[in-house]
Amino acid sequence: MSIRTMLIMIYGEDSFRVQEKVQQMKQAFLEKFDGSGMNLAEFPSKENDKLESADILQAICSYPFLGLKRLVIVRGLIGSVKKADEAIWLDGMSRMPDSTITILWEDGSSQSVQKKKFFQALKQFKDVHTYSLDLLVGAALKKWISERCEQRGSRIDEPALHELVLRVGSDLWNMYQEIEKLSAYAQGTSISSDLVQQLVHASFESRIFEFMDAVSKRQRKKTVQLLEDERASGSDDHYLLTMLGRQVRILLSTRSYLDLFPQAKSADIAQAIDIHPFVAQKAIGQARAFQLAELQSAHDLLFLYDVKIKTGRMEAGIAMDLVVNSLLG
């Protein structure tokens, strides 16, 4: 029997689907080729959280023990290999026997992974399969939710589906938990919009666009109300400040790009600053509501307050209030 070498690269911003894909392939390998698990190697390991080239290449180049195939899973290799070491890795991996299946599991957006020279070099191997899994939006996200509900023995009607997407967004880790909860309550019946409203709290991450819309329009009352609602629901001020900081950085980058290229489209900005096109589309309208200097000032404040928080000289809640007040003008 002839068994070809196989290199599989699984990557993308949607860490839930990336991890799920890796685990599905691992389970399929164990069921088909290696019930004992003796021909499975995973890096980093529980004993060593570093990616040691000698250990990994030895595992990749070894022949299976009393079996047809060997599976090696390596997480974070493409993103961590230094340019000076690429030749060593490429040479070692090119020596894989036909019995080896290697899975490279990468975090980060597809664009950031694909542009690395090491990734491009690996694609030249003779039997390469790539799975690019970025965040689901729109119809694709709704389809994923509907299928998950069916797997749990439930159905979800369109109004409930729309409400669930609004409240949770593209975070499939959170979405998975919410579907589990909703399905348990529905007990085989259809999941309704009322049930979603009753059981699912909208995360600040999914509501950050609404929050920043209010800020950009200088709607002080609505901004304060949204912030207080989040705090009342139990959201930690450190988390809120982190999400605000991320959005300010996106808007600052977007505003800078628009100042250079006023006719830029969302696809241009998504590629330039490495964000999802949906996020870029939202960011364009919000960024145009601020002057570049305003966003730079908010960014500087976030950095200053972060230092003060970490040194115990300021509370996160106070920092959040001051940055928001600065953006409101």
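Predicted model: local features only at pLDDT ≥ 70, side-chain atom pairs only at ≥ 80, totals over all residues.

Strand S1 and strand S5, which covers residues 128-132, pair in the parallel sense over five bridges, and within that pairing you will find Tyr11 standing opposite Ser132 of S5. S1 itself spans residues 6-12, and six of its seven residues are buried, so that the strand can be called mostly covered. S1 also has strand S4, residues 100-107, as a partner: the two run parallel and are joined by seven bridges, with Ile8 placed opposite Ile103 of S4.

Let me turn now to the nonpolar cores. Which residues have the most contacts inside the largest nonpolar core? They are Phe211, Leu244, Met320, Val323 and Leu327, in a core that counts 42 residues. The elements giving two or more residues to this core are helices H11 (204-216), H12 (220-232), H13 (237-260), H14 (266-273), H15 (277-287), H16 (292-310) and H17 (316-328), and H13 supplies the largest share, with nine residues. If we take Val323 and leave aside residues up to four places away in sequence, we find that Val323 touches Leu244, Ala298, Leu301, Leu302 and Tyr305. There is also a second, separate core of 23 residues, and Ile56, Leu57, Ile60 and Met93 are among them.

Next comes the second largest pocket, which holds about 240 Å³ of space. Of the 13 residues that line this pocket, those closest to its centre are Leu241, Gly245, Arg249, Leu302 and Asp306, and the elements that give two or more residues to the lining are H13 and H16.

Finally, I would like to look at Ala160, which has its place in helix H8, residues 158-168. Is Ala160 buried or exposed? Ala160 counts as buried, because its relative accessibility is 0%. Not counting residues up to four places away in sequence, Ala160 touches Ile191, Ser192, Ser193 and Val196.

Terms used: Residues numbered from 1 in each chain as written. Heavy atoms only, no water. Buried < 20%, exposed > 50% of the residue type's maximum accessible area, 1.4 Å probe, protein only. Helix = DSSP H or I, 4+ residues; strand = E, 2+ residues; numbered from the N terminus. Pairing = 2+ DSSP bridges. Core = buried A, V, L, I, M, F, W, Y, C linked by side-chain atoms within 4.5 Å. Contact = heavy atoms within 4.5 Å. 1 Å grid on protein atoms, 1.4 Å probe; cavity = no way out; pocket = protein on both sides within 12 Å on 5 of 7 lines; lining within 4 Å. Points joined across faces, edges and corners; volume = space filled by probe spheres on them.
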